[in-house]
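Trainee: I would like to work through this model by question and answer, with the criteria stated as we go.

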Amino acid sequence: MTVEPSVALIVLCVAMVVAAALVYRFTGIGSPFVVPKAAFRAVLQLGLIALILAAALRHLWSAALVLLVMFGAAVFTAVRRAQAGRSGIWLGLAVATGIAAVMPATLLSGAVPIHGVTLVSIGGILLGGTMTSTSLAARRGLDAIGQRWGEVEAALSLGFTDRPARRMVLTGAATDALIPGVDQARTVGLVTLPGAFIGVLLTSGSAAQAGAVQVLVLIGLMLSEACAVAVALELVARALVRRPRPT
(Lines give C-alpha, C1' and ligand atoms only; values in the text may rest on other atoms or scores of the structure.)
Protein backbone atom coordinates (compact mmCIF):
# COMPACT_ATOMS: atom_id res chain seq x y z
CA MET A 1 0.00 0.00 0.00
CA THR A 2 1.40 3.40 -1.00
CA VAL A 3 0.84 6.63 0.85
CA GLU A 4 -0.25 9.64 -1.17
CA PRO A 5 2.34 12.46 -1.10
CA SER A 6 -0.14 14.85 0.49
CA VAL A 7 -0.87 12.41 3.30
CA ALA A 8 2.82 11.69 3.77
CA LEU A 9 3.48 15.42 3.98
CA ILE A 10 0.85 15.92 6.67
CA VAL A 11 2.11 12.94 8.70
CA LEU A 12 5.70 14.16 8.47
CA CYS A 13 4.80 17.72 9.51
CA VAL A 14 2.78 16.51 12.49
CA ALA A 15 5.63 14.21 13.55
CA MET A 16 8.16 17.05 13.38
CA VAL A 17 5.89 19.36 15.37
CA VAL A 18 5.50 16.70 18.07
CA ALA A 19 9.24 16.05 18.08
CA ALA A 20 10.00 19.76 18.45
CA ALA A 21 7.48 20.05 21.28
CA LEU A 22 9.15 17.13 23.08
CA VAL A 23 12.56 18.76 22.70
CA TYR A 24 11.16 21.97 24.21
CA ARG A 25 9.56 20.00 27.04
CA PHE A 26 12.44 17.77 28.09
CA THR A 27 15.33 20.19 27.56
CA GLY A 28 13.60 23.11 29.27
CA ILE A 29 14.29 25.60 26.46
CA GLY A 30 10.72 26.85 26.48
CA SER A 31 7.04 25.98 26.53
CA PRO A 32 6.23 22.80 24.56
CA PHE A 33 3.31 24.68 22.98
CA VAL A 34 5.53 27.21 21.16
CA VAL A 35 6.07 25.12 18.02
CA PRO A 36 2.52 23.67 17.80
CA LYS A 37 1.01 27.16 18.08
CA ALA A 38 3.41 28.59 15.50
CA ALA A 39 2.79 25.65 13.14
CA PHE A 40 -1.00 26.00 13.48
CA ARG A 41 -0.77 29.70 12.75
CA ALA A 42 1.47 29.06 9.73
CA VAL A 43 -1.02 26.55 8.31
CA LEU A 44 -3.92 28.97 8.70
CA GLN A 45 -2.02 31.93 7.24
CA LEU A 46 -0.57 30.01 4.29
CA GLY A 47 -3.91 28.33 3.58
CA LEU A 48 -5.66 31.70 3.54
CA ILE A 49 -3.03 33.40 1.40
CA ALA A 50 -3.06 30.45 -1.03
CA LEU A 51 -6.80 30.91 -1.56
CA ILE A 52 -6.42 34.65 -1.99
CA LEU A 53 -3.48 34.41 -4.36
CA ALA A 54 -5.18 31.79 -6.52
CA ALA A 55 -7.74 34.45 -7.43
CA ALA A 56 -5.62 37.58 -7.14
CA LEU A 57 -2.74 36.53 -9.36
CA ARG A 58 -4.99 36.24 -12.38
CA HIS A 59 -5.03 40.03 -12.81
CA LEU A 60 -2.33 42.66 -12.42
CA TRP A 61 -4.57 45.06 -10.49
CA SER A 62 -5.59 42.46 -7.94
CA ALA A 63 -1.96 41.37 -7.51
CA ALA A 64 -1.04 45.01 -6.86
CA LEU A 65 -3.79 45.16 -4.22
CA VAL A 66 -2.37 42.05 -2.52
CA LEU A 67 1.10 43.63 -2.54
CA LEU A 68 -0.35 46.80 -0.99
CA VAL A 69 -1.84 44.75 1.85
CA MET A 70 1.52 43.03 2.32
CA PHE A 71 3.18 46.45 2.47
CA GLY A 72 0.79 47.52 5.23
CA ALA A 73 1.56 44.35 7.19
CA ALA A 74 5.30 44.92 6.73
CA VAL A 75 5.08 48.48 8.01
CA PHE A 76 2.98 47.40 11.00
CA THR A 77 5.52 44.70 11.87
CA ALA A 78 8.47 47.09 11.51
CA VAL A 79 6.76 49.63 13.79
CA ARG A 80 6.04 47.00 16.42
CA ARG A 81 9.57 45.57 16.34
CA ALA A 82 11.20 48.99 16.54
CA GLN A 83 9.34 49.74 19.79
CA ALA A 84 8.94 53.36 18.76
CA GLY A 85 5.28 53.83 19.64
CA ARG A 86 3.17 55.99 17.35
CA SER A 87 6.21 57.74 15.91
CA GLY A 88 7.18 54.43 14.34
CA ILE A 89 4.62 55.02 11.59
CA TRP A 90 7.33 57.12 9.92
CA LEU A 91 9.15 53.84 9.22
CA GLY A 92 6.62 53.28 6.45
CA LEU A 93 8.60 55.91 4.53
CA ALA A 94 11.77 53.83 4.92
CA VAL A 95 10.10 50.65 3.70
CA ALA A 96 8.48 52.48 0.77
CA THR A 97 11.81 54.04 -0.23
CA GLY A 98 13.50 50.65 -0.29
CA ILE A 99 10.79 49.10 -2.45
CA ALA A 100 10.62 52.12 -4.77
CA ALA A 101 14.36 51.89 -5.38
CA VAL A 102 14.05 48.39 -6.84
CA MET A 103 10.56 47.38 -8.01
CA PRO A 104 9.91 49.96 -10.77
CA ALA A 105 13.31 49.37 -12.38
CA THR A 106 12.93 45.60 -12.10
CA LEU A 107 9.54 45.58 -13.80
CA LEU A 108 10.07 48.30 -16.39
CA SER A 109 13.50 47.06 -17.49
CA GLY A 110 12.00 43.94 -19.01
CA ALA A 111 14.31 41.74 -16.93
CA VAL A 112 11.24 39.93 -15.60
CA PRO A 113 7.75 39.69 -17.10
CA ILE A 114 5.10 42.03 -15.73
CA HIS A 115 2.28 39.90 -14.37
CA GLY A 116 0.66 39.08 -11.05
CA VAL A 117 2.94 36.23 -10.07
CA THR A 118 6.08 38.30 -10.63
CA LEU A 119 4.70 41.32 -8.80
CA VAL A 120 3.72 39.40 -5.68
CA SER A 121 6.63 36.96 -5.53
CA ILE A 122 9.48 39.44 -6.06
CA GLY A 123 7.65 42.19 -4.19
CA GLY A 124 7.07 39.87 -1.25
CA ILE A 125 10.73 38.88 -1.05
CA LEU A 126 11.83 42.52 -1.17
CA LEU A 127 9.25 43.52 1.43
CA GLY A 128 10.38 40.81 3.82
CA GLY A 129 14.05 41.79 3.72
CA THR A 130 13.34 45.53 3.75
CA MET A 131 10.95 45.19 6.68
CA THR A 132 13.55 43.30 8.72
CA SER A 133 16.39 45.72 7.99
CA THR A 134 14.18 48.74 8.67
CA SER A 135 12.97 47.51 12.03
CA LEU A 136 16.46 46.36 13.03
CA ALA A 137 18.03 49.70 12.07
CA ALA A 138 15.41 51.70 13.96
CA ARG A 139 15.55 49.51 17.04
CA ARG A 140 19.36 49.42 17.20
CA GLY A 141 19.49 53.14 16.48
CA LEU A 142 17.08 53.99 19.27
CA ASP A 143 18.96 51.66 21.62
CA ALA A 144 22.24 53.40 20.73
CA ILE A 145 20.81 56.84 21.44
CA GLY A 146 19.43 55.68 24.77
CA GLN A 147 22.63 53.94 25.84
CA ARG A 148 25.01 56.61 24.57
CA TRP A 149 22.97 59.69 25.38
CA GLY A 150 25.94 61.11 27.27
CA GLU A 151 27.89 61.26 24.02
CA VAL A 152 24.99 63.00 22.30
CA GLU A 153 24.81 65.58 25.09
CA ALA A 154 28.58 66.11 24.90
CA ALA A 155 28.30 66.81 21.17
CA LEU A 156 25.45 69.23 21.80
CA SER A 157 27.53 71.04 24.40
CA LEU A 158 30.27 71.47 21.79
CA GLY A 159 27.89 73.25 19.46
CA PHE A 160 26.54 70.38 17.35
CA THR A 161 22.87 70.56 16.40
CA ASP A 162 20.50 67.69 17.25
CA ARG A 163 20.79 65.73 13.99
CA PRO A 164 24.61 65.58 13.73
CA ALA A 165 24.88 64.81 17.43
CA ARG A 166 22.54 61.84 17.07
CA ARG A 167 24.13 60.64 13.84
CA MET A 168 27.46 60.23 15.64
CA VAL A 169 26.17 57.22 17.59
CA LEU A 170 24.15 55.57 14.79
CA THR A 171 26.92 54.11 12.61
CA GLY A 172 26.92 50.75 14.35
CA ALA A 173 23.16 50.45 13.97
CA ALA A 174 23.46 50.73 10.18
CA THR A 175 26.14 48.04 10.08
CA ASP A 176 24.11 45.63 12.21
CA ALA A 177 20.96 46.13 10.14
CA LEU A 178 22.71 45.46 6.82
CA ILE A 179 24.68 42.37 7.89
CA PRO A 180 21.90 39.77 7.26
CA GLY A 181 21.31 40.85 3.66
CA VAL A 182 25.00 41.07 2.80
CA ASP A 183 25.76 37.74 4.47
CA GLN A 184 22.94 36.10 2.53
CA ALA A 185 24.51 37.26 -0.73
CA ARG A 186 27.96 36.09 0.37
CA THR A 187 26.85 32.59 1.37
CA VAL A 188 24.23 31.88 -1.31
CA GLY A 189 25.00 28.64 -3.12
CA LEU A 190 27.60 27.67 -0.52
CA VAL A 191 25.51 27.52 2.65
CA THR A 192 21.95 28.26 1.52
CA LEU A 193 19.75 27.80 -1.53
CA PRO A 194 17.13 30.57 -1.25
CA GLY A 195 13.47 30.21 -2.13
CA ALA A 196 13.63 32.13 -5.41
CA PHE A 197 16.32 29.79 -6.73
CA ILE A 198 14.46 26.64 -5.68
CA GLY A 199 11.14 27.94 -7.00
CA VAL A 200 12.45 28.69 -10.49
CA LEU A 201 14.47 25.48 -10.54
CA LEU A 202 11.42 23.37 -9.72
CA THR A 203 9.15 25.11 -12.22
CA SER A 204 11.50 25.62 -15.17
CA GLY A 205 14.16 22.98 -14.57
CA SER A 206 16.83 25.44 -15.70
CA ALA A 207 19.62 25.99 -13.19
CA ALA A 208 20.95 28.94 -15.21
CA GLN A 209 17.59 30.71 -15.17
CA ALA A 210 17.14 29.97 -11.48
CA GLY A 211 20.58 31.40 -10.71
CA ALA A 212 19.90 34.53 -12.75
CA VAL A 213 16.63 35.21 -10.94
CA GLN A 214 18.26 34.65 -7.56
CA VAL A 215 21.13 37.04 -8.37
CA LEU A 216 18.58 39.67 -9.39
CA VAL A 217 16.67 39.20 -6.14
CA LEU A 218 19.77 39.28 -3.93
CA ILE A 219 21.18 42.44 -5.52
CA GLY A 220 17.76 44.05 -5.40
CA LEU A 221 17.50 43.16 -1.72
CA MET A 222 20.84 44.76 -0.91
CA LEU A 223 19.84 47.98 -2.68
CA SER A 224 16.38 48.01 -1.11
CA GLU A 225 17.71 47.36 2.38
CA ALA A 226 20.48 49.96 2.04
CA CYS A 227 17.97 52.64 1.04
CA ALA A 228 15.54 51.65 3.79
CA VAL A 229 18.23 51.63 6.50
CA ALA A 230 19.54 55.02 5.38
CA VAL A 231 16.05 56.54 5.61
CA ALA A 232 15.24 54.80 8.90
CA LEU A 233 18.39 56.12 10.59
CA GLU A 234 17.78 59.59 9.20
CA LEU A 235 14.31 59.49 10.77
CA VAL A 236 15.87 58.44 14.08
CA ALA A 237 18.53 61.16 13.82
CA ARG A 238 15.85 63.78 13.26
CA ALA A 239 13.85 62.38 16.23
CA LEU A 240 10.85 61.72 14.00
CA VAL A 241 11.12 58.10 15.16
CA ARG A 242 11.72 58.00 18.90
CA ARG A 243 10.97 55.97 21.98
CA PRO A 244 7.79 57.03 23.78
CA ARG A 245 8.37 58.70 27.10
CA PRO A 246 7.42 56.58 30.14
CA THR A 247 4.21 57.70 31.80
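Trainee: At 36% relative accessibility, what does arginine 140 count as?
Mentor: Buried means under 20% relative accessible area and exposed means over 50%, with partly exposed in between, using a 1.4 Å probe and protein chains only. With a relative accessibility of 36%, arginine 140 therefore counts as partly exposed.

Trainee: What kind of model is this, and what pLDDT do local features need?
Mentor: Residues are numbered from 1 along each chain as its sequence is written, and side-chain values use heavy atoms, with hydrogens and water left out. This is a predicted model, in which totals for chains, interfaces and linings use all residues, side-chain atom pairs count only at pLDDT 80 or more, and local features need a pLDDT of at least 70.

Trainee: Which side chain meets that of arginine 140 in a salt bridge?
Mentor: A salt bridge is a side-chain nitrogen of Lys or Arg within 4 Å of a carboxyl oxygen of Asp or Glu. For arginine 140 the N to O distance is 3.0 Å, and the partner is aspartate 176.

Trainee: How many residues apart in sequence are the parts that arginine 140 and aspartate 176 tie together?
Mentor: Helices (H or I, at least four residues) and strands (E, at least two) are DSSP runs, numbered from the N terminus. Aspartate 176 counts as partly exposed, because its relative accessibility is 31%. Arginine 140 belongs to helix α6 and aspartate 176 to helix α9, so the parts they tie together have a sequence separation of 36 residues.

Trainee: How far apart in space are aspartate 176 and glycine 141, C-alpha to C-alpha?
Mentor: Aspartate 176 is found in helix α9. In sequence, glycine 141 is 35 residues away from aspartate 176, while their C-alpha to C-alpha distance is 9.8 Å.

Trainee: How many residues apart are arginine 243 and aspartate 143?
Mentor: These two form a salt bridge whose closest N and O atoms are 3.0 Å apart. Arginine 243 lies in the segment after α11 and aspartate 143 in helix α6, a link between distant parts of the chain. Both are partly exposed, arginine 243 because its relative accessibility is 30%, and aspartate 143 because its value is 24%. Their separation is 100 residues.

Trainee: How far apart are the closest N and O atoms in the salt bridge of glutamate 151 with arginine 148?
Mentor: Glutamate 151 counts as partly exposed because its relative accessibility is 42%, and arginine 148 counts as partly exposed because its value is 33%. The closest N and O atoms of their salt bridge are separated by 2.7 Å.

Trainee: Which residues do salt bridges that share partners join into one network?
Mentor: Searching the whole structure gives six salt bridges. Those that share partners form one network made up of Arg163, Arg167, Glu234 and Arg238.

Trainee: What share of the 247 residues of the protein chain counts as buried?
Mentor: The secondary structure of the chain comes to eleven helices and zero strands. Taken over its 247 residues, the buried share is 32%.

Trainee: Over the ring of which residue does the charged end of arginine 25 sit?
Mentor: A charge sits over a ring if NZ of Lys or CZ of Arg is within 6 Å of the ring centre and within 35 degrees of the ring normal. For arginine 25 the distance to the centre is 5.4 Å, and the ring is that of phenylalanine 26.

Trainee: What is the phi of glutamine 83 near?
Mentor: Glutamine 83 is found in the loop between α3 (60-82) and α4, and counts as partly exposed because its relative accessibility is 40%. Its phi is positive in a residue other than glycine, with a value near 55°.

Trainee: Where is alanine 239 found?
Mentor: Alanine 239 has a positive phi of about 60°, although it is not a glycine. Its place is the segment after α11.
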